[in-house]
Amino acid sequence: MSTVQARALLKRYGDLAAVDGISFQVRPGECFGFLGPNGAGKTTTMKMIYCVLPPTSGDLQVLGMDVRAHPRAIKARLGVVTQDNTLDTALTVRENLVIFARYFDIPWGLARQRADELLEFVSLTDRARDKVEYLSGGMKRRLMVARALVPQPELLVLDEPTTGLDPQARQLAWEKLRQLKRTGVTQILTTHYMEEAAALCDRIAIMDQGRIVTEGSPADLVAAHAGREVVELRTAGGNWQGPGILERILGAAGSLAETHEVHNDLLVLHTQDGEVLLRRVREQGVELESATLRRTTLEDAFLKLTGRRLRD
Amino acid sequence: MAPRIPRLSSFLFFSPRGAFRFWQRNAYIFRRIFPESVAVNFMEPVIYLLAMGFGIGAYLSTIGGLPYLTFVATGLVATAAMFGATFECTYNAYVQMYYEKAYDAVITTPLGVEDVVIGEVWWGATRSVLYGTVFLAVITLFGTVRSPLALLIPPLFLLSGLMFSVIAMTFTAVNPSIDYFTFYFALFVTPMFMFSGIFFPLDALPGWVKIAAWFTPLSHVVNLSRALALGTVEAHHATDLAWILTVTVAMFPLPVVLMRRRLVK
Ligand SMILES: Nc1ncnc2c1ncn2[C@@H]1O[C@H](COP(=O)(O)OP(=O)(O)OP(=O)(O)O)[C@@H](O)[C@H]1O
Ligand SMILES: [Mg+2]
């Protein structure tokens, strides 16, 4: 049985279909990622999963229960990190965890014990007695993650959990999330960091304009949509409009370049053999500001699928 | 598609335990400021009684056979019930909902919007009882309480507190912006404060004002607290109690339904 199962899930705000009839499933024990540009509908989907937003239509089962019929029973078994920090500013750091535990009917003694363990877990023990407003942005985020773990959830729903974390804290967060996965905690994650998705997620759904564009493991998505290697050429002339330059390079690349994209001064060539391609380009003697060869990453697949245009 | 829970009856789906948990959170926060809060609540009636009782009382010796200080004090105590609940369920609730996002976190737990609203309403009533009891202690010190029936005033404030919380929360649920609370206070709370028989008996008012005043919730709380403090309870006071009960029960689902409609889109 799937941990989350969505069929033709739709959420409408007036005329806008923020989530436009998507279907997906999250299997027990896996880490499932939603990627997508701003406004793609990731948060809207997450909110429906954690039962604070009723779907307009479609079917959504979480932990085997319908979100409309059993929101309380579902929420009792979830850990949620919302996109916005929603810490209780009237309480201290530690109290935020203790009082939150009370919402899950965890007895006071156990609540305090768990609060202390989790503060240790996110390295905030020193700040236990501070008011939350005095924490830095990254510390608040860490406290949000700790708070999500208070009920010892079976399913973690993490909406951009590492936004605002420094590289050390992010590495640490990844390690903790992997550790939790090993204990069998299913995770649903959104992020704008492609390397994070690649490092954590077993499967990814890429969303755009309320729809799931594609779905698969990070490696499969990269292989299917971005080839093996990327050659990035920056022209010295500022753009590729100059007479015949682009044609000469593409001609030299021939069938080695599977696809190409031009963005101002940047020419991106996807290929299976970057070294040969790069040599052929160099032989043309076109003046370049830089030429780099690298392995494709999830980011290439993402940009390919959702375009480079900025979203409003 | 699974059947959708109809919104109008959504308040029936609240969980008493969930509401209690949110009440507990408020109580936990309040505990820290309790001493200061009580001190302030102690000062306020003292200042009123000194001004009204001794200032005005110097010119007006008795009203309806009572010393003016006694008349004002036994009526004024009822306002503690109103203000305790009203501040909690207007400004406090609004700030927590929109600026502090306290509710957004709570509804990701097993608690629902219904529980948060009902917990908040009961907390407003709790503050009414706390403030009212301090106020009652002060007027007792001033020697204006004449009957042990005054011990029933705190329970009365629990009920009246619920009523004022529900009314305030209903307004908060539809209030488009924090600035509009000024209207709530200027057009509802202040007139009620002036025309509820606290400072002068309503009998002397022109007929239509008297009728309008009868409909204000506070006037009934004033009638009852004065009767209890002075031991002058009569059969007609049952009407006051019935009025308060009716309004509270009739309006109880409103803030839940309206707040749900507002927060769950
Ligand atoms: N309460 C709301 N009322 C109206 N429109 C909304 C509401 N919430 C979200 N939207 C719209 O729904 C769309 C999807 O928003 P959503 O927050 O799900 O995007 P997202 O993928 O999480 O984006 P981001 O990466 O910026 O967090 C956006 O166009 C947004 O403006
Ligand atoms: Mg989002």
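Predicted model: local features only at pLDDT ≥ 70, side-chain atom pairs only at ≥ 80, totals over all residues.
**Six-stranded sheet, chain A**

I started with the open sheet of six strands in chain A, whose order is β6-β7-β8-β3-β9-β10 with mixed pairing. Two strands pair if DSSP finds at least two bridges between them. I looked up the edges next: β6 (78-81) and β10 (211-216) of chain A each have a single partner strand, so one side of each has no neighbour in the sheet. On average, neighbouring strands here are turned by 15° against each other, direction ignored. My axes are lines fitted to C-alpha atoms (for helices over the stretch in contact), with angles from 0 to 180 degrees between N-to-C directions.

Residues are numbered from 1 along each chain as its sequence is written, chains are lettered from A and ligands numbered from 1 in the order in which they are written, and side-chain values use heavy atoms, with hydrogens and water left out.

Within the sheet I checked one pair: β7 (residues 155-159) and β8 (residues 186-190) of chain A run parallel and share five bridges. A:L155 has A:T186 in β8(A) as its bridge partner. Helix α5 (residues 137-149) of chain A lies across β6 and β7 of chain A, at about 170° to β6(A); contact here means heavy atoms within 4.5 Å.

**Four-stranded sheet, chain A**

The other sheet I looked up is open too, with four strands in the order β2-β1-β4-β5 (chain A) and antiparallel pairing. At its edges stand β2 and β5 (65-66) of chain A, each with a single partner strand, so each has one side without a neighbour in the sheet. β1 (residues 4-13) of chain A runs antiparallel to β2(A), and eight bridges join them. α1(A) lies across β1, β2 and β4 (57-62) of chain A, at about 60° to β2(A).

**Magnesium, ligand 2**

Which protein atoms are donors of the magnesium ion? I find A:T43 (OG1) and A:Q83 (OE1), lying 1.9 to 2.1 Å from the ion. A donor is an N, O or S atom within 2.8 Å of the metal (3.2 Å for Na, K and Ca), and water is not among the atoms, so sites may look incomplete. Buried means under 20% relative accessible area, exposed over 50%, partly exposed in between (1.4 Å probe, protein chains only).

**Salt bridges**

My search of the whole structure gave 23 salt bridges over all chains. The rule wants a side-chain nitrogen of Lys or Arg within 4 Å of a carboxyl oxygen of Asp or Glu.

- A:R211 and A:D20 meet at 2.9 Å, N to O. This pair links strand β10 of chain A with strand β2 (residues 16-26) of chain A, 191 residues apart. A:R211 is partly exposed at 47%, and A:D20 is partly exposed at 23%.
- A:D202 and A:K181 have their closest N and O atoms 2.9 Å apart. A:D202 sits in the loop between α7 (194-200) and β9 (203-208) of chain A and A:K181 in helix α6 (residues 167-182) of chain A, so the pair ties together parts 21 residues apart in sequence.
- A:E229 and A:R228 meet at 3.8 Å, N to O. A:E229 is buried at 14%, whereas A:R228 is partly exposed at 35%.

**Chain B against chain A**

I finished with the interface. It takes 31 residues from chain B and 34 residues from chain A. The chains bury about 2,800 Å² between them, 55% of it on carbon and sulfur atoms. Buried area is the accessible area (1.4 Å probe) that two parts lose on being put together, summed over both. B:Y28, B:T108 and B:P110 supply 22% of the area that chain B buries against chain A, more than any other three residues.

I count seven salt bridges across this interface. B:R32 forms a salt bridge with A:E95, with the closest N and O atoms 2.8 Å apart. I also noted a network of salt bridges linking A:R72, B:E114, B:D115 and B:R260.

Notes
Helix = DSSP H or I, 4+ residues; strand = E, 2+ residues; numbered from the N terminus.
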